[in-house]
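This report looks at one residue and its surroundings, and then turns to the protein chain as a whole.

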Amino acid sequence: MLPRSNWTIEEISEIYHSPLIELIQNANQIHQKNHILGEVQICTLLSIKTGGCTEDCAYCSQAARYNTGLNAEKLLSYERVIESAKIAKDTGSTRFCMGAAWKEVRDNRDFDKVLKMIEGVSEMGLEVCGTLGMATENQISKMKNAGLHAYNHNVDTSEEYYSDIISTHTHKDRMETLKNIRNAGVTICSGGIIGMGETDADRIKMLFSLATLKKHPESVPINALVSIEGTPLEDRKEVNTWDMVRMISTARIIMPKSMVRLSAGRLSMSKEAQALCFLAGANSIFSGERLLTTPNPGVNEDQELFNLLGLTPRPSHKEKFQSEVRCS
Ligand code: SF4
């Protein structure tokens, strides 16, 4: 049976605003019913086409119009991507996400190259995810045939606050791509960013837009803004730990079966704060020194965190499936 998707904004708001200890405890109970406590998936996110993006997302270092010191690069070669995927696998990642600074996928030679990359990474036994901008159902089907497991397309924030952050495409455009991903039979990875100047109501509405999808996104990344010099959000204050914990707990309660990803912003979080996020239901992190273009804790630091908290890395769906087949 699918988890409920008829949430109201009022219900989500009540959960979000509940006393913190009670909120964490409820989220933890739901987490334990649906997942293995302490099992955390390690993912790697590689930028395969950096910078020069036509869009104006106010938080992004890759928008061509902001002077962030980032140079536009060409699409990485197949060999570079495969080499990075091997390193990711050797250092414990079971999911490999490839990101391109594109407004949308175009049916051209670069897309054909990306299809080959998807094929190559999938053959290595990694869950392959793509984040390449808006895409049609047909394009996502082609990626699925090449071995794509998930497609990331964040809704970022509420529909109401969206135009304050991005003017070159709309929240509706994002929802349209989510529909295309679902129709193509690929799993959805979609979440948001907090700390961009939005209100609690915007955060609640962002979660509402995901939790009321007939089938919830299989993966929900919760990001804390990493403010980048040269972007319109360069002066935003660091997100407070309690806000992250509140968001993660709420996401866990209203989307119980989804993977909740503790994503951007971990570098400035203490180990204690991250531990609270895991207790509240986060069960995935991005590993590696860079998250697309922003700094992230390194592999060794995460290894220490796993040892300290007694976390275990979650196998990829493929490994899980294979071991189930072997056991039966
Ligand atoms: S977030 Fe994506 S679409 Fe927006 S500017 Fe950055 S690369 Fe472009």
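S270 sits in the loop that runs between β8 (259-262) and α10 (271-279). Helices (H or I, at least four residues) and strands (E, at least two) are DSSP runs, numbered from the N terminus. The model is predicted: local features need pLDDT of at least 70, side-chain atom pairs count only at pLDDT 80 or more, and totals for chains, interfaces and linings use all residues. Residues are numbered from 1 along each chain as its sequence is written, and side-chain values use heavy atoms, with hydrogens and water left out.

With a relative accessible area of 35%, S270 is partly exposed (buried means under 20%, exposed over 50%, partly exposed in between; 1.4 Å probe, protein chains only).

| Pair | Distance |
|---|---|
| S270 side chain to A273 backbone nitrogen | 3.0 Å |
| S270 C-alpha to T241 C-alpha | 8.9 Å |

S270 and T241 are 29 residues apart in sequence.

The protein chain has twelve helices and twelve strands. Of its 328 residues, 55% are buried. Its C-alpha atoms fill a box of roughly 55 × 50 × 40 Å, taken along the principal axes.

How confident is the predictor? The mean pLDDT (confidence in each residue, from 0 to 100) of the protein chain is 92, and 94% of its residues reach 70 or more. Over residues 318-328, the pLDDT is below 50. Where pLDDT is low, the predicted coordinates should not be read in detail.

Key. pLDDT is the predictor's confidence in each residue, from 0 to 100. Contact means heavy atoms within 4.5 Å. A polar contact is a pair of N or O atoms within 3.5 Å; within protein, one must be able to donate a hydrogen and the other to accept it, and residues adjacent in sequence count only if both atoms are side-chain atoms.
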